[in-house]
Amino acid sequence: MPVRLNPAVLPAATETLRQQVRDFLAAELAAKRFVPGCDKWLGGFDLEFSKRLADNGWLGMTWPKQYGGHERSALDRYVVTEELLAAGAPVAAHWVGDRQSGPSLLRYGTEQQKQQYLPAMASGEHYFAIGMSEPGSGSDLASARTKADKIDGGWRLNGRKIWCSSAHRVDSFILFCRTQAPSDDRHAGLSQFLVDLKSPGITIRPMNLLSGEHHFNEVFIDNVEVGDDCLLGKEGDGWAQVTSELAFERSGPERFLSTFPALVAVLKRLGRDADRGQQLVIGRMVAQLRALRGMSVSVAAALDKGEAPNVEAALVKDLGTRFEGDMVEQIRLLLETQPEYGSDDELDRLLAESFLHMPGFTLRGGTNEILRGVVARGLGLR
Amino acid sequence: MSDEIGTLLLDSLERLLRDQCTPERVEASEEGGFDAELWQQICELELHRAALPEAQGGVEADLPLMIELLQLAASYSLPAPVAEAMLLAPWLVTQANIDLPDGLVTVAARCDQLSLSGAAGNWQLSGDIGRVPAGRFADQLLVAVSFDGAEKLLILESSQWTVEVGKNLAGEARDRLSFSNQQLTDTQVVDLAVGTAEKLWQLGAVARSGQLVGALRRAQELSHNYVQERTQFGRPLAKFQAIQQQLALLAADLEAASVMTGLAALSFDKATAAGDLLDIASAKTQAGQAAGMGARIAHQVHGAMGFTQEYPLHHATRRLWSWRDEYGNESVWATLIGSQVVAAGGEQLWPLLTSTSR
């Protein structure tokens with residue numbers, strides 16, 4: 001089976017939109033409404049910033065107008081997301097909902113569910129977290145033990161979820177759990193539910209990052225009762241639904257741009273007098289960035305044409321997440337730095353943010369080892 | 001040029017190579033890397049003229065298609081200087097608005113030690129050029145030289161040079177051609193626009209990037225076949241995760257080089273924008289990097305079997321180790337990118353990375 005990406009570039013029509021986003025970001029920076037940071041799609045939670053994006057029509061961009069969307073192309077959305085990431089803007093509040101919960105709702109939700117959530121998400125009034133991983137269920141997602149028992153008119157939920165980014169601050173999450181006991185078909189009997197994080201029986205415990213930041217949470221689900229109308233998609237189809245959600249999760253520019261602001265900062269620190277050795281290191285990083293962006297745009301263009309480049313997306317994510325970590329290792333050695341969290345020095349601060357977040361780059365959304373397994377299967381080796 | 005013509009050209013080259021360009025045939029051309037009979041068959045298909053304008057007997061094949069043809073040739077380790085004869089020579093004669101000379105035409109993109117003197121009616125050429133692809137086999141050589149603040153295309157004939165043989169790691173001829181006070185006729189000296197020589201060098205880099213991708217695909221294919229056939233500890237090698245992970249790494253670097261080369265081919269012909277040079281430089285940097293990594297992985301998964309001349313993997317990997325150093329290695333191109341990025345400053349990096357030439 002061939003694994004092949006056809007090189008694609010963004011259509012010229014996206015350039016106007018790109019300029020609008022750049023103008024918006026310049027105004028935000030001028031008004032000191034955000035400080036550029038690394039990995040801000042995980043760590044930059046700013047409801048007001050997300051709301052201003054919504055006011056510009058940049059949330060729910062590709063969704064139908066009847067659900068509050070703007071019916072823009074996926075490539076338009078690509079331009080907006082890459083501009084926000086490159087600027088190190090605080091986009092964490094809406095990231096998960098805009099990237100995957102919304103598209104899942106559009107694909108699997110009932111009319112009533114779509115009406116209930118999507119317009120509020122697109123207008124920046126309702127935000128989502130992910131409820132997939134569990135203490136005993138990381139890469140092996142099908143081993144989930146959180147369960148839903150059928151009760152009259154609904155379901156009773158019990159279990160634990162972890163790595164739920166911003167669960168303590170957002171409104172809902174999509175819970176992945178067992179609706180039937182495990183059988184020989186490990187992927188059978190799994191379902192997804194839309195759950196209000198303020199429901200009685202939900203307890204949220206912080207799981208602080210190495211930097212001390214509180215973004216991740218452990219969510220305890222203790223006899224939470226939800227109605228039948230909270231089931232997302234079909235009972236028992238959870239595995240297929242969740243894996244299609246992962247395809248959205250794997251293909252974006254956040255998989256190689258998490259540390260990009262540190263590269264801009266080191267260029268500012270170096271000024272015009274970088275020596276040949278420094279130019280070489282910088283040139284290699286920029287060449288890789290140009291290639292990764294070319295690959296990522298090519299995946300986005302294939303998705304936009306209705307293709308399913310799942311293997312290619314896994315391949316780009318493997319390459320991109322290794323790169324965004326390697327890049328800061330190289331930046332660190334371009335000159336003498338002393339990374340310090342919260343430092344007044346921009347480069348030292350950005351490097352600290354990068355290093356303390358770095359272990360997550362090659363874990364989240366599927367570890368690189370799992371991704372390479374996906375690639376190997378695509379290559380016909382498994 | 002239509003897509004149908006492109007498909008036709010690719011299909012006819014593929015058929016020829018599949019039937020004729022066997023590992024035994026490649027092996028037989030080890031000394032110098034040129035199979036005159038195969039090259040003749042390529043010329044009979046008119047593939048060496050494909051990039052020429054219709055008025056010159058070509059089909060105006062665009063650069064993305066030409067790069068695909070070069071990739072295909074490289075994936076069969078075709079023993080012929082295809083990049084120079086099929087792409088660089090037609091491109092150069094099109095710039096100079098002259099006909100493509102007959103016979104095997106090779107090109108030298110850098111010729112600092114060549115000196116043209118005199119004037120119309122009395123041109124003299126002296127000096128030498130190192131590492132000319134297929135120099136000893138060529139009937140004609142095209143070079144772009146600086147002369148008096150301008151650039152000239154020289155169309156040189158094999159009777160005018162002496163050869164000192166050399167070769168790259170793949171055994172391909174990289175010969176030194178020397179000229180001793182050669183008298184050139186006026187038809188051998190043609191005006192070129194300033195900057196053509198530099199553009200020729202860049203085109204060479206895109207061409208080699210495409211060939212590197214082709215050779216990598218061959219190394220990948222041989223590796224996939226081998227790990228599925230070879231059994232150790234009671235299972236095919238392909239079933240070992242350690243092997244799968246290595247081949248996934250190879251695939252990732254290969255696709256990065258492939259996409260970047262495709263983008264460089266798309267932007268080469270467009271109006272000169274900063275992004276164009278970035279694409280070319282990034283392509284050669286990524287392809288060179290992937291070549292080293294890919295050759296290492298391919299040999300590792302082949303075990304000792306790929307380490308001898310008895311198995312055809314070396315046809316691909318020795319080309320990888322050679323071509324990555326031709327038309328500028330990763331260091332040359334990355335330093336060029338770095339110097340431009342540093343000169344432009346940090347604020348200009350993102351606009352540069354997102355620029356698209358149209």
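**Reading contacts and interfaces**

Guide: Leaving aside residues up to four places away in sequence, B:Q286 touches A:A287, A:Q288, A:A291, B:A256, B:A257 and B:M260, where contact means heavy atoms within 4.5 Å. This is a predicted model, in which local features need pLDDT of at least 70 and side-chain atom pairs count only at pLDDT 80 or more, while totals for chains, interfaces and linings use all residues. Residues are numbered from 1 along each chain as its sequence is written, chains are lettered from A and ligands numbered from 1 in the order in which they are written, and side-chain values use heavy atoms, with hydrogens and water left out.

Visitor: In which helix is B:Q286 found, and is B:Q286 buried or exposed?

Guide: Helices (H or I, at least four residues) and strands (E, at least two) are DSSP runs, numbered from the N terminus, and B:Q286 is found in helix α8 of chain B, residues 274-302. Burial is read from relative accessible area, with buried meaning under 20%, exposed over 50% and partly exposed in between (1.4 Å probe, protein chains only); at 6%, B:Q286 is therefore buried.

Visitor: How many residues does the contact take from chain A and from chain B, and how much area do the two chains bury between them?

Guide: The contact takes 53 residues from chain A and 52 residues from chain B. Buried area is the accessible area (1.4 Å probe) that two parts lose on being put together, summed over both, and for chain A and chain B this comes to about 4400 Å², with 65% of it on carbon and sulfur atoms.

Visitor: How many salt bridges and polar contacts are counted between chain A and chain B?

Guide: A salt bridge is a side-chain nitrogen of Lys or Arg within 4 Å of a carboxyl oxygen of Asp or Glu, and the count between chain A and chain B is two. In a salt bridge of this kind, the side chains of B:D279 and A:R290 meet at 2.5 Å, N to O. A polar contact is a pair of N or O atoms within 3.5 Å; within protein, one must be able to donate a hydrogen and the other to accept it, and residues adjacent in sequence count only if both atoms are side-chain atoms. Twelve residue pairs in polar contact, both at pLDDT 80 or more, are counted between chain A and chain B. On the side of chain A that touches chain B, at least two residues each come from α1 (14-30), α4 (74-86), α8 (260-270), α9 (276-304), α10 (310-332) and α12 (368-378) of chain A, and α9(A) gives the largest share, 16 residues.

Visitor: How do the residues on that side of chain A divide by class?

Guide: Ala, Val, Leu, Ile, Met, Phe, Trp, Tyr, Cys and Pro count as nonpolar, Asp, Glu, Lys and Arg as charged, and the others, Gly among them, as polar. The side of chain A that touches chain B then divides into 28 nonpolar, eight polar and 17 charged residues.

Visitor: Which domains does the assignment give for chain B, and how far apart do the C-alpha centres of domain 1 and domain 3 of chain B lie?

Guide: Domain bounds come from an automatic or database domain assignment, which for chain B gives domain 1 (3-96), domain 2 (105-192) and domain 3 (196-353). The C-alpha centres of domain 1 and domain 3 of chain B lie 21 Å apart, and 20 residues of domain 1 are in contact with 28 residues of domain 3 of chain B. These two domains of chain B bury about 2100 Å² between them, 67% of it on carbon and sulfur atoms. B:L63, B:Q71 and B:W91 supply 26% of the area that domain 1 of chain B buries against domain 3 of chain B, more than any other three residues. Two salt bridges are counted between domain 1 and domain 3 of chain B, and B:E84 forms a salt bridge with B:R208, the closest N and O atoms being 2.9 Å apart.

Visitor: Where does A:W63 lie, and is A:W63 buried or exposed?

Guide: A:W63 lies in the loop between α3 (47-55) and α4 of chain A and is buried, with a relative accessible area of 3%. Among the residues that A:W63 touches, not counting those up to four places away in sequence, are A:H70, A:D98, A:P103 and A:M121.
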